[in-house]
Amino acid sequence: TDTLDIAVIGGDGIGPEVVAEGLKVLSAVTAGQGPKISTTEYDLGARRWHATGETLPDSVLEEIRGHDAILLGAVGDPGVPSGVLERGLLLKLRFSLDHYVNLRPARLYPGVTSPLAVERVAPGGIDFVVVREGTEGPYVGNGGALRVGTPAEVATEVSVNTRYGVERVVRDAFRRAQGRPRKHLTLVHKHNVLTHAGHLWRRTVEEVGAEFPDVETAYQHVDAATIFLATDPGRFDVIVTDNLFGDIITDIAAAIAGGIGLAASGNINPERTAPSMFEPVHGSAPDIAGQGKADPTATILSVALLLDHLGRGEDAARVEAAVAADLAERGSAPRSTSAIGDAIAARVG
Ligand code: NAD
Ligand code: IPM
Ligand code: MN
């Protein structure tokens, strides 16, 4: 169609602030050419929960399902019990819409300073993508607590890994590796301790790998992976890993590539049986919310991932180029959230 129907969930904290800048750039890049953008804003998050007790009503979920894609800011608020919004809204979206590929690219742009020793990370020295499984692992809520608050309290969070779930994300990661110049895939897990899940992942990578003879594979335990992310990130091309390991290592990946304010992500449903969802890797940052200090770049780069997913590769490239140009000239003087959004929007326009 000629209209892109985007469901917009600003969410909590800095979420609405960064999403406004993402939308600014989205309309700038499509202005006068390309598709018409139609956005529907959904009031979800802490405000709604306080007002109604709802996190994500099924009727709203079904409305959201009818869109081409979702742009989300962040979810979570210090005034709401931890987990209520994260599980009831964010994870409910990812699980219900079968976002099994949580795609998190890490790239050091020219002009951006990495906290790592500079001689190890010349621009281009960090350019990898984490394919984080998005619908299984310890996130599924398979656990419980007994005798809460007593000395005999027991809590479990069982990690669920299905052959179906592991195989489909591993195959997606191989495809992505095959499409990149280096054609290299690293499985990150912990099969020396998590022997059941670890062996399932390892065997699956071996077996699916037979379909991709041109892709070289490597394995790293997650603890060692954090060493190499901090000392030699240039070795990584595509990383495939489970939901929790992927959550953790993508914050490290963000930090080494210039900071959490730059890290974009896509929660992808590759078969397109439901809309995919694009969001910065960061959270609602209550410590800086409402002050116009949040960097909207991660959200703007997530808009580029959204455009790419919807077949608008040229628009995506223009957004990325505008971000790269802005980063190259950014300097150290702090700019407000909207000043950064304006500058990038002006460059794509
Ligand atoms: P966070 O990512 O919100 O913040 C971590 C640190 O990074 C803070 O110091 C924050 O100020 C800074 N930061 C984050 N985004 C920034 C930006 N765009 N520009 C500049 N600085 C930025 O993580 P947290 O503090 O662990 O979590 C806060 C809340 O967000 C919690 O409720 C958590 O559950 C939630 N959360 C949500 C998501 C999501 O919606 N995808 C992701 C992570 C955390
Ligand atoms: C992220 C966040 C979420 C996650 C939380 C808020 C559920 O940390 O998107 O990285 O763990 O996936
Ligand atoms: Mn996270």
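Trainee: Which strands and helix do the buried residues of H8 pack against?

Mentor: The model is predicted. In this model, the buried residues of H8 pack against several elements. The helix among them is H7 (222-231), and the strands are S4 (101-107), S5 (127-133), S8 (184-189) and S10 (238-241).

Trainee: Where around the axis of H8 do its buried residues lie?

Mentor: The buried residues of H8 are Asn243, Phe245, Gly246, Ile249, Thr250, Ala253, Ala254 and Ile256. An α-helix has 3.6 residues a turn, so residues three or four places apart point the same way.

Trainee: What span does H8 reach from its first C-alpha to its last?

Mentor: Helix H8 runs over residues 243-256 and has 14 residues. At 1.5 Å a residue, 20 Å is expected. The helix comes close to that, reaching 20 Å.

Trainee: Which residue just after H8 takes a positive phi?

Mentor: Look just after H8 for a phi of about 115°. That positive value belongs to Gly258.

Trainee: Which helix gives the largest share of the shell around ligand 2?

Mentor: The residues around ligand 2 are Gly76, Glu86, Leu90, Leu91, Asp247, Val281 and Gly283. The largest share, 3 residues, comes from the helix at residues 84-96, which is H4.

Trainee: How many residues of the shell around ligand 1 are nonpolar?

Mentor: Ligand 1 is surrounded by 20 residues, and Gly76, Gly261, His282, Gly283 and Ala285 are the closest. Of the shell, 4 are charged, 5 polar and the nonpolar ones number 11.

Terms used: Residues numbered from 1 in each chain as written. Chains lettered and ligands numbered in written order. Predicted model: local features only at pLDDT ≥ 70, side-chain atom pairs only at ≥ 80, totals over all residues. Near = placed C-beta within 6 Å. Nonpolar A, V, L, I, M, F, W, Y, C, P; charged D, E, K, R; others polar. Helix = DSSP H or I, 4+ residues; strand = E, 2+ residues; numbered from the N terminus. Expected span 1.5 Å × (residues − 1). Buried ≥ 20, exposed ≤ 12 C-beta atoms within 10 Å, placed from the backbone. Contact = placed C-beta atoms within 7 Å.
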